[in-house]
Amino acid sequence: MVDTIRIDAKGMHYTPLNKAIRAAVASGARKIELDHVMGQRFIADGLRGNVEIVINGVPGGDLGMFMSGPTCIVHGNCEHAPGNTMDSGTIVIHGNAGDAVAHSMRGGMIFVRDDIGYRGGIHMKQYKEKRPILVIGGSARAFLGEYMAGGLILILGRKGKFPDIDRGIGSGIHGGKIIIRGSVTDHNLGVGAKKNDLKEEERQEIAPLIEKFTGFFGLDPAPLLNDRYYVITPSSARPFASKYTWEV
Amino acid sequence: MCGIIGVIDRTRQCMDGTGIRAALSQMDERGSGEGAGYAVYGAFPDFKDYYAVHVFFDNLHETKPLVEEELSKWGIIEHQEAIPTYDQPNIRKVHFPWRFFFKPDSHLMPWSTTPADDIVTHLVMKINSSIPGALVYASGKNVAVFKASGWPEDVADFYRIQDYKGYLWLGHNRYPTNTPGWWGGAHPFNLLHWSVVHNGEITSYGTNRRYIESYGYRCSMYTDTEVVAYLFDLLIRRHGLSIETAVKALAPPFWDEIDQMPERDKEIMRAIRLTYGSALMNGPFAIVVANHDSMVGFTDRIKLRPLVSGELGNRLYISSEEAAIRTMEPDVGEIIMPKAGEPVIGRVRG
C-alpha cells in the first residue's frame, strides 16, 4: 500500500484531478499532496474517507464541497466558498479565503489563518450531533453569518480593527452563534441579531478551538484565550416569525 | 457569472496579449463559450492620433459604403482595413470586423468644448441606431477591442492578440444570462477612451438607460453593460467628475452609512446621491473600467460578485479570481479584496 501520493496539478483540469484524487483514496493512500494547484475548482468534493490532502497553491471555488471525513490543508489562499455544504472533516487554510466561506456548511471544521471575504458562514446549519465550526484568525467582511441557522463562527481578530467596521453581522440569523474578539458596534449588527458578552461556559467552549487553531498555525494561544469577546445570537427564538407567516 | 481581468503598467511598458489570454482561459469555468473579448491601450502607435472606429459588418458590399458616407460627413478616414482574423474551429465568423482610423473635423461642432469626442460619439450613436448590419463597437484613440462569440482562448487566437502590444489590457469571459450571446454583446464595451468589462447584472438598467438616453446616448447592444460605458463617459468626460466621485455616484454608500459620516462628507455624499440618483447602479456587479491613463475596479455596495487585486512592480492587476492574476504574474504580491463599492485605481505616472 502506498502511504503518500503526490500529484502534479499543473495545467490540469479539475475533473482529471479529482479522478486522480479518488483513485489515490481508493488505493488506500492516507496522504495526498497536490502541487502547483492553480484555480482548479471542486477539489475533494463529495470525497469520503480518512485521508489528508495537502494542497500547495491556490485552489479554486468550492473546495471540499459535500466532503465527508477528509482533512484538506491549503498552503495558499482559497477562492470562494471553501467548505460549501461540507458534511464532516477539516479544512485548514494557511492564508486568506474569498466570499461565502463555509456556505451552508453542515458539519466539520474550517480554520482560516488570516481574513475571509463577505458572507462568511452564510446559511450554516446544525442538526443533532452535526455542528459545523468556522474559526477565522483574522477578520471577516460584511454579512458575516448571514441567514445563519446553526453552528459556530469564531472570529479571533488577530489583526485588530476588523470586523467592527463592517455591517450586517448575523443579518437574518435564526440559529447558531457568532463569537467575535474585539468590539462590535450595535450599528453593525444585522436584522434579527443581538449582542451579549461572552459567558464563562462559552469561554470554556471556545478555548479548545483557539488551542486547535494556534496549534495548526504555530501561534501562541495565550493572548486569545482571556481577551474580550462578544457573542452574536438570534434576537429571539423565532426572530422572523411574523415575516413570512401571519400568526394570531 | 462571468470572468473579468485587467492589468495596467504605470510606466506604459507594453505587454503582448499572451499573458491575458492565459489568465482569462484560466477562468473558462466562469463563461459558457458564448462571448469573450479583450481591449488593449497603446495598440496603434502608427495611428495614435486617429480614432480607431471598429465596426462589425454583417456584409461589406451593402453597409460599409453607408458607414463611410457617415464618417466622411464629419471628417476624414485616414486608413481602413479588415481586422485580421484567423479561422478557428469553434468560432463562426458571422460578422466582418473592420477598423477605420478616423479624424473628425472639429470645426463642424463649434458649440462643443470637446468637439472631436462629441463628433465621434454622435457618429457611433447614429450608425448604431440607423444603419442595420453595422455595429460600431469601439471608437477610441489607440485602443483596440477584440471580441466575438467563443471561449477566451479561441477569441484570442481568432484575432491573434499575441501580435498586439499595449500598457493596459482588459479581458472578459462571458456567461450570458439575460440576453443571448452575440458578438456585439461580448465585452469589453467601448466608447471613446472608455472600455468596460463587467460580471453581474445591472438590475437598474431601465432607469440608467432612460437617464443616459436623455443625454443623447443610444443603447443598441441588448445588454446592461453598455450603459456603464456611457455613464462613465457622461460623468467623467462631460461632467468633469473624478473617478472616485463617479464611483461614489454609481455605487454610493447606504443612507445609514451617510448619516454617520462627518458633516462635510455627509453633505457631499447627499448631493451626489440626489444629483445622480438615476445613475445609481443596482444589482450584483463587479466592474473594471479603463481609459488611457487609468484602470478602476469596483463592486456593488453589498459585494455580490467577486473582485480581487494585486500588484507587482509597476503593474496593478484586478480580476474575479486570484488564480487568474497568478497565472499572468506568478510573483504577484499580496492579494487584496477591495471593500464593496470602493474603487481600486491604477494610474499611469506622468
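**Entry 1: chain B as a whole**

I began with the contacts of chain B: among those with a separation of 6 or more, residues 24 or more positions apart account for 74%. Two residues are in contact here if their C-beta atoms, placed from the backbone, lie within 7 Å. A note to myself on provenance: this is a predicted model, local features need pLDDT of at least 70, side-chain atom pairs count only at pLDDT 80 or more, and totals for chains, interfaces and linings use all residues. Residues are numbered from 1 along each chain as its sequence is written, while chains are lettered from A and ligands numbered from 1 in the order in which they are written.

Next I looked up the overall size. A compact globule with 350 residues would have a radius of gyration near 20 Å, and the 19 Å of chain B agrees with that. The radius is taken over C-alpha atoms, and the globule rule is 2.2 Å times the number of residues to the power 0.38. I also noted that the C-alpha trace of chain B spans about 60 × 50 × 40 Å along its principal axes.

For burial, I found that 52% of the 350 residues in chain B are buried. A residue is buried if 20 or more other C-beta atoms lie within 10 Å of its own, exposed if 12 or fewer, and partly exposed in between, with C-beta atoms placed from the backbone.

I then listed the secondary structure of chain B, which comes to ten helices and 17 strands. Both are DSSP runs numbered from the N terminus: helices are H or I with at least four residues, strands E with at least two.

**Entry 2: the four-stranded sheet**

I followed an open sheet of four strands in chain B, ordered β5-β6-β4-β7 with antiparallel pairing. Strands pair if DSSP finds at least two bridges between them. At the edges I found β5 (75-82) and β7 (134-138) of chain B, each pairing on one side only. From one strand to the next the twist averages 30 degrees; axes are lines fitted to C-alpha atoms, for helices over the stretch in contact, and angles run from 0 to 180 degrees between N-to-C directions.

Helix α3 (residues 115-130) of chain B packs on this sheet and touches β4, β5, β6 (96-104) and β7 of chain B. The direction of α3 makes about 140 degrees with that of β7(B).

Strand β4 (residues 51-57) of chain B got a closer look. Four bridges join β4 to β7(B) in the antiparallel sense, and Phe57(B) has Ala134(B) as its bridge partner in β7(B). On the β6(B) side, β4(B) pairs over seven bridges, also antiparallel, and there Phe56(B) is partnered by Pro97(B).

How many residues of β4(B) are buried? Seven of the seven are, so β4(B) is largely enclosed by the rest of the structure. I sorted the side chains too: Tyr51(B), Val53(B), Val55(B) and Phe57(B) point one way, Ala52(B), His54(B) and Phe56(B) the other way.

**Entry 3: the six-stranded sheet**

I moved on to an open sheet of six strands in chain B, with antiparallel pairing and the order β8-β3-β10-β1-β16-β15. Its edge strands are β8 (143-148) and β15 (308-312) of chain B. Neighbouring strands are turned by 10 degrees against each other on average, direction ignored.

Strand β1 (residues 3-9) of chain B runs antiparallel to β16 (residues 315-319) of chain B, and five bridges join them. Gly6(B) stands opposite Ile318(B) in β16(B).

Helix α1 (residues 18-26) of chain B packs against α4(B) at an angle of about 155 degrees, with the axes 8 Å apart. That makes the two helices roughly antiparallel, a label for angles over 145 degrees. The contact involves Arg21(B), Leu24(B) and Ser25(B) of α1(B) and Pro152(B), Glu153(B) and Ala156(B) of α4(B).

**Entry 4: a loop residue**

I looked up Ser220(B), found in the loop between α5 (205-213) and α6 (225-238) of chain B. Is Ser220(B) buried or partly exposed? Ser220(B) is partly exposed, because 15 other C-beta atoms lie within 10 Å. Leaving aside neighbours within four places in sequence, Ser220(B) is in contact with Asn128(B) and Ser129(B).

Definitions and conventions:
Angles under 35 degrees count as roughly parallel, over 145 as roughly antiparallel, 65 to 115 as roughly perpendicular and the rest as oblique.
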